[in-house]
Every structure is written in structure tokens, then in C-alpha cells.
Amino acid sequence: MIKSLLITAGTFSMLIGIAGIFLPVLPTTPFFLLTAGLYLRSSEKLYNRFSGSRLSGYYTSKKNENIKPAVIFGAMGIMWITIILAMILAENKSVVTVLLLAAGIVGTIVKTGILYRYYTNKKQSNNKYFKP
């Protein structure tokens, strides 16, 4: 019973993650990580199949850690444009507006942290005294 619930929740999480690839407001990586965790607890076969796929591997591996700053700024711009449009379409519903603003602020903080790590690593690699 619990195993089938975990598999169902993992599949639902994976579908939301796939939708997040195409919808800029919906995050992909957290849903893929949740899917991997749920599959790991329920079915080793599903976990191996999911974690071995090219799609999930791209979003859950560390190879996309060094994203260029221009891409991050572009993603932030698209995110805020989408949030503002959603707030306009929400027709002044205060709860929706607050949630959208909170999501935008969290997204901006996360992306700023990625930029900070990018520039910190770049400075350290140019430092002749730094040994990675």
C-alpha cells in the first residue's frame, strides 16, 4: 500500500517537474529530486531508470552548476515578467499576489547566490595562491 502511494507520488512529482521545463514559474529540479527520493524508497527499478535518464540527470547533476551569468540574468528577467503578468491576471487577489512576490523573491535570492558562487570561484581560480 505505502509502496504504491510512493510510486504514485513520485510519478506525479515527475510530471510536475516535466511541466516545469516548459513553464518558467514552476521549478524543475526540486520536483525531480523529490521524484528520485520517492522512487528510491519505493522501487529500485524505477529509481535506476529515472536517475539514469538524460533528462533527469541534466537537472539533478552538478554539471549545470557553472551557468553563465547572462543565462541567469535572462532567467530572472523571464521569471519576473511571468510573475508580473500572473499578478495582473490575478485581478488584485492579495493572497495570490503575496505568494507570487514571495516566490519571486526566493527565486531571485537563489539565483543571486548562484551568481555569487560563480564570481567567487572565478576570483579564486585566478588567484595564484589558491589551490583547488
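Modeller: Let's start with W80, which sits in helix α5, the stretch covering residues 69-89. Keep in mind that this is a predicted model. W80 counts as partly exposed, because its relative accessibility is 26%, and that value falls between the 20% limit for buried and the 50% limit for exposed. If you skip its neighbours within four places in sequence, W80 is in contact with L101, G104, I105 and T108. Now look at V25: it is 55 residues from W80 in sequence, yet their C-alpha atoms are 9.0 Å apart in space.

From there, hop over to the pair formed by α1 (residues 2-22) and α2 (residues 29-42). Their axes come within 8 Å and cross at roughly 160°. Since anything over 145 degrees counts as roughly antiparallel, that is how α1 runs relative to α2. The crossing of α1 past α2 is left-handed. On the α1 side, the contact includes L6, A9, G10, S13, M14 and G17, while α2 brings in residues including F31, L34, T35, L38 and Y39. Sorted by class, this contact has 12 nonpolar, 6 polar and 2 charged residues.

Zoom in on S13, which belongs to α1. At 3% relative accessibility it's under the 20% cut-off, so S13 counts as buried.

Technical notes. Residues are numbered from 1 along each chain as its sequence is written. This is a predicted model: local features need pLDDT of at least 70, side-chain atom pairs count only at pLDDT 80 or more; totals for chains, interfaces and linings use all residues. Side-chain values use heavy atoms; hydrogens and water are left out. Axes are lines fitted to C-alpha atoms, for helices over the stretch in contact, and angles run from 0 to 180 degrees between N-to-C directions. Helices (H or I, at least four residues) and strands (E, at least two) are DSSP runs, numbered from the N terminus. Angles under 35 degrees count as roughly parallel, over 145 as roughly antiparallel, 65 to 115 as roughly perpendicular and the rest as oblique. A crossing is left-handed if the near helix is turned anticlockwise from the far one by less than a right angle, and right-handed if clockwise. Contact means heavy atoms within 4.5 Å. Ala, Val, Leu, Ile, Met, Phe, Trp, Tyr, Cys and Pro count as nonpolar, Asp, Glu, Lys and Arg as charged, and the others, Gly among them, as polar. Buried means under 20% relative accessible area, exposed over 50%, partly exposed in between (1.4 Å probe, protein chains only).
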